[in-house]
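Hello,

Here is the structure I promised to pass on. Please open it, then read my notes below.

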Amino acid sequence: MDDIVVTSPDRAENTEVAEKAAAYRRLARDGLAVVDRVHGIRRYQPLYGLTDEDRALFPAPKRLVDERWEHIGANLPPVGSAMDVGCQHGWFTFKLAERGLHTIGVEGSLRAFQVAQWLTLYNQSDRASFQRLYVDAETAQHLPAVDVVVCMAIFHHWVRLQGLDDATRIMQALADRCRDRMFFETGQVGDTDTLDRSSIGFMGRRPRRWIKRFLKDLGFRKVVHLATLSRSTDNRRTRHLMLALR
Ligand SMILES: C[S@@+](CC[C@H](N)C(=O)[O-])C[C@H]1O[C@@H](n2cnc3c(N)ncnc32)[C@H](O)[C@@H]1O
């Protein structure tokens, strides 16, 4: 695998390191297979770093991560720390780590968390780590302060399940812990057939304007609209990707 760092000039030692790495990768792939067999890996984010052969073993993703990463990757600080809240399989967490940011992915679902953990081993990632935590208005107070917060496709779940007041408290806690910038995307009315979006009807017919005001009210100095992006491979309705600056 490309990302194994082989430092020793000793060939036998190098072979041993590569063999160990391959063994960990096989272990991680088997772990992923067990999660898939027992729980069914959710068809959403891609599984980061898998070889083509291994990827073919698991459900095809539908989250359009690359077009989102194009905008996030172009707007990152060169160094620092990051937190990806509601990270699912950790695709963005690993991408942030790949760019050198020390990144924590926070995820409430045990199944998604397990997948992210196996992928940490598979990729032998040393800058990405995961915390299993159900984020609510209380637990959000215990999250760490970081330079970059990624908060994508989760706000509408907080509103739906915990109400707007608590969702706003969570967002305020994240804003207070965000030292430099936050990337934000949320579900919008009209972007799905499968979920009742009445809970976010308060955004009105101009969600972009509502989001901008909302992020500014959390204390961000400047809010930039980065892109309007399709939701997924099977739903081309759009959402806004925003960047909020401290
Ligand atoms: C729609 S997915 C978005 C995943 C990722 N942020 C992205 O943009 O691709 C939402 C994720 O947030 C997680 N989630 C939802 N509510 C949560 C909560 N209260 N605490 C932690 N994770 C939560 C879900 O389990 C799921 O993995």
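Start with helix α1, residues 11-38. Keep in mind that the model is predicted. Helix α1 has 28 residues. From its first C-alpha to its last it reaches 41 Å, close to the 40 Å expected at 1.5 Å a residue. Which residues of α1 are buried? They are Arg25, Ala28 and Leu32. The buried residues of α1 pack against α5, residues 110-123.

Next, the strands. Strand β4 covers residues 146-152. Six of its seven residues are buried, so β4 is largely enclosed by the rest of the structure. It has pairing partners to look at.

- Strand β1, residues 81-85, pairs with β4 in the parallel sense, over four bridges. Here Ala82 stands opposite Val148 of β4.
- Strand β5, residues 178-185, also pairs with β4 in the parallel sense, over six bridges. Here Cys151 stands opposite Phe184 of β5.

How does the chain get from β4 to β5, and what is the hand of the crossover? The chain passes through helix α6, residues 155-177. This β-α-β crossover is right-handed.

Now the ligand. How many residues surround the ligand? There are 15. The closest are Gly86, Gln88, Gly108, Ser109 and Met152. Met152 is also part of β4, which runs over residues 146-152. By type, the shell around the ligand divides into seven nonpolar, six polar and two charged residues.

Last, please look at Arg239. It lies in strand β7, residues 235-245. Is Arg239 buried or exposed? Arg239 has 22 other C-beta atoms within 10 Å. The cut-off for a buried residue is 20 or more, so Arg239 counts as buried. Which residues does Arg239 touch, leaving out those up to four places away in sequence? The contacts are Glu185, Gln188, Asp191, Leu229 and Arg231. Take Gln188 as one of them. Arg239 and Gln188 are 51 residues apart in sequence. In space they are 6.7 Å apart, C-alpha to C-alpha. Another contact, Glu185, belongs to β5, which covers residues 178-185.

Over to you.

Best wishes

Terms used:
Residues numbered from 1 in each chain as written. Predicted model: local features only at pLDDT ≥ 70, side-chain atom pairs only at ≥ 80, totals over all residues. Helix = DSSP H or I, 4+ residues; strand = E, 2+ residues; numbered from the N terminus. Expected span 1.5 Å × (residues − 1). Buried ≥ 20, exposed ≤ 12 C-beta atoms within 10 Å, placed from the backbone. Contact = placed C-beta atoms within 7 Å. Near = placed C-beta within 6 Å. Nonpolar A, V, L, I, M, F, W, Y, C, P; charged D, E, K, R; others polar. Pairing = 2+ DSSP bridges. Right-handed = clockwise from strand over helix to strand, strands pointing away.
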